[in-house]
Amino acid sequence: MCGIFGIDGKPDAANFTYLGLYALQHRGQESAGIVSWDGERLHVERGMGHVAELFGAKVLQRLPGTRALGHTRYSTAGTSVIANAQPIVVKTSMGPLGLVHNGNLTNAVKIRNELEAQGAIFQTTSDTEVILHLMARNPREDVVESLMEALEQVRGAYSLLLISEDCLIAARDPYAFRPMVLGNLGGVPCFASETCAFDLLAAEPARELAPGEVMVARGGGFDQVESYRVGETPRPSRCVFEQVYFARPDSRVFGDSVAEGRLAMGAQLAREAPVPADLVVPVPDSGLFAALGYSRESGLPFEFGLIRNHYVGRTFIEPKQSIRHFGVRIKLNPVRELIGGKRVVLVDDSIVRGTTAPKIVKMVRDAGAAEVHVRISCPPTAWPCHYGIDMPTREELVASTHSLEEIRDFLVADSLAYLSLDGMLNCLSGPDESYCTACWNGDYRVPISAEDQRQAELFPIRAEEVDD
Ligand code: SF4
């Protein structure tokens, strides 16, 4: 869960990178960083917090040059500390390198253990750093060759950008788990996790990187970008959770409009799980488009029966526990006048741990709803993700340990239905087998190494309650 952006051959490249990251803020709010190349050396600025807080005009002035890349981070491997903020910058015999990575490597711990046994010293606990170590141990005249040999050794999910004194490199793993798009900003190549970053810059989305594609920009303009392939090209495993939940609805991901995909999922859910009701209410913002799709298909009116406070960060500190326990109320508040006495279809995108959903159902009931029917626009999430989306362990996923009826009972809902796997995949334009569905059916196409599995169990991604 990270956003990355890079550009090559544009004066004030860091300013464009800042704007790209600003548009990708939803992909990670923990830390952000930018590195630029001014023809003589790399300049890097990183910090904990949001992009807009970290990169004022003075900070951007410290990032000169025509080549830059950046990162917004939400940790899925490694702890949440400044040392793990990206870009990771190192000095090598090939010159200085800066790397940003979206995804999760499934053999990073295994490789790291092997390298440490041979004397390597790591700066971070991030899985990304193993790529730089592999490159540093295998220097080549051309940094592209060194990166490609390193990528041959890592497994799992990566969309990454690498900056050197010679070039900007973009790479996507052979399974194409995470998105990565090439854009054209007036003849200058740029790369981003999602197309919404290009919209802000008025850049044209050109195309997605192909599975296993490595693209190299050497300051020669959009038409001069080179393309290579790394590894074999297995069956792609594009992450459907990007479409269901993670990507911004105004982006195109894996060739599809995210908004249209979510509308279609909501409509399919209405066909699969109709219910007599008075209105459809989304859980904002995650359930908005699916609820609209459900409403259009069912003919039931769509109402904003819950209002979200957009100014609440993840780290709201309750001023004094004795005043009241705020819980989900600090973020959501019902509009009693809209839902009082009504039979409500409450639509959200997913239930992960199941810690928040019962509170929202109770909130809607307490606001006077006569009935609450919960509809979820993806199948039950029963398996953890090893490919870069923040999810708890299997035991903590409510759908892995409870039946549908038990979850309904736990939510205190009048009815509960999830979208079927086939129904969800039918809402996307690619062949069903080209998507990863592991968190719904346990079909892990890239196995996780024993060392990495042990690490994931010992250090679950997050201890605190997350929104679901
Ligand atoms: S397991 Fe789920 S969240 Fe992870 S890559 Fe696959 S579809 Fe996406």
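A: E114 counts as partly exposed because its relative accessible area is 38%, a value between the limits of 20% for buried and 50% for exposed. The model is a predicted one. The partner of E114 is K110, and the two form a salt bridge in which the closest N and O atoms are 3.2 Å apart. Side chains of opposite charge can pair when their charged atoms come close. K110 has a relative accessible area of 34%, so K110 is partly exposed too. Both residues belong to helix α4, which covers residues 108–117. They are four residues apart, which is about one turn of the helix.

How many salt bridges does a search of the whole structure find? The search finds 23.

The next example is R178 with E242, whose closest N and O atoms are 3.2 Å apart. R178 sits in the loop between β8 (168–172) and β9 (181–185), while E242 sits in helix α8 (residues 240–246), so this bridge ties together parts that are 64 residues apart in sequence. Are these two residues buried or exposed? Residues count as buried under 20% relative accessible area. R178 has 1% relative accessibility, so R178 is buried. E242 is also buried, because its value is 0%. The pair belongs to a network of salt bridges that links R27, R178, E194 and E242.

R207 and E213 make up the other example: their side chains meet in a salt bridge with an N to O distance of 2.7 Å. The two ends of this bridge fall into separate classes of cover. R207 is partly exposed because its relative accessible area is 36%, whereas E213, at 1%, counts as buried.

E272, D422, D432 and E433 form a negative surface patch. One of them, D422, lies in helix α15, residues 421–425. Its relative accessibility is 51%, so D422 counts as exposed, the limit being over 50%.

A nonpolar patch is found on the surface as well. L19, Y22 and L200 form it, and together they have about 270 Å² of accessible area. Among them, Y22 has its place in helix α1, residues 13–23.

Strand β20 spans residues 343–348, and five of its six residues are buried, so the strand is mostly covered. On one side of the pairing list is strand β17 (residues 279–282), which runs parallel to β20 and is joined to it by four bridges. In this pairing P282 stands opposite V347 of β20. Strand β21 (residues 371–376) is also parallel to β20, with six bridges between them. There R343 stands opposite E371 of β21. In a regular strand the side chains alternate between the two faces of the sheet.

The loop between β20 and α12 (357–366) holds T355. T355 has 27% relative accessibility, so T355 counts as partly exposed. T355 and L397 are 42 residues apart in sequence, and their C-alpha atoms are 10.0 Å apart in space.

In the loop between β17 and α10 (288–298) is D285. The peptide bond from P284 to D285 is cis, with omega near -10°. Another cis peptide bond joins Q86 and P87, where omega is about 5°. P87 is found in the loop between β4 (67–73) and β5 (88–92).

Phi is positive at D12, about 60°, although D12 is not a glycine. D12 lies in the loop that runs between β1 (2–8) and α1. A202 is likewise not a glycine, and its phi is positive, near 60°. A202 has its place in the loop between α7 (196–201) and β11 (204–208). With a relative accessible area of 66%, A202 is exposed.

How values were computed: Residues are numbered from 1 along each chain as its sequence is written. This is a predicted model: local features need pLDDT of at least 70, side-chain atom pairs count only at pLDDT 80 or more; totals for chains, interfaces and linings use all residues. Side-chain values use heavy atoms; hydrogens and water are left out. Patches are made of residues with over 30% relative accessible area and no salt bridge: like charges are joined within 9 Å, nonpolar side chains (Val, Leu, Ile, Met, Phe, Trp, Tyr) within 5 Å. Accessible areas come from the Shrake-Rupley method with a 1.4 Å probe; for residues, only the protein chains shown count as cover. A salt bridge is a side-chain nitrogen of Lys or Arg within 4 Å of a carboxyl oxygen of Asp or Glu. Lys and Arg count as positive and Asp and Glu as negative; His and the chain ends are not counted. The place of a charge is taken as NZ of Lys, CZ of Arg, CG of Asp or CD of Glu. Helices (H or I, at least four residues) and strands (E, at least two) are DSSP runs, numbered from the N terminus. Buried means under 20% relative accessible area, exposed over 50%, partly exposed in between (1.4 Å probe, protein chains only). Two strands pair if DSSP finds at least two bridges between them.
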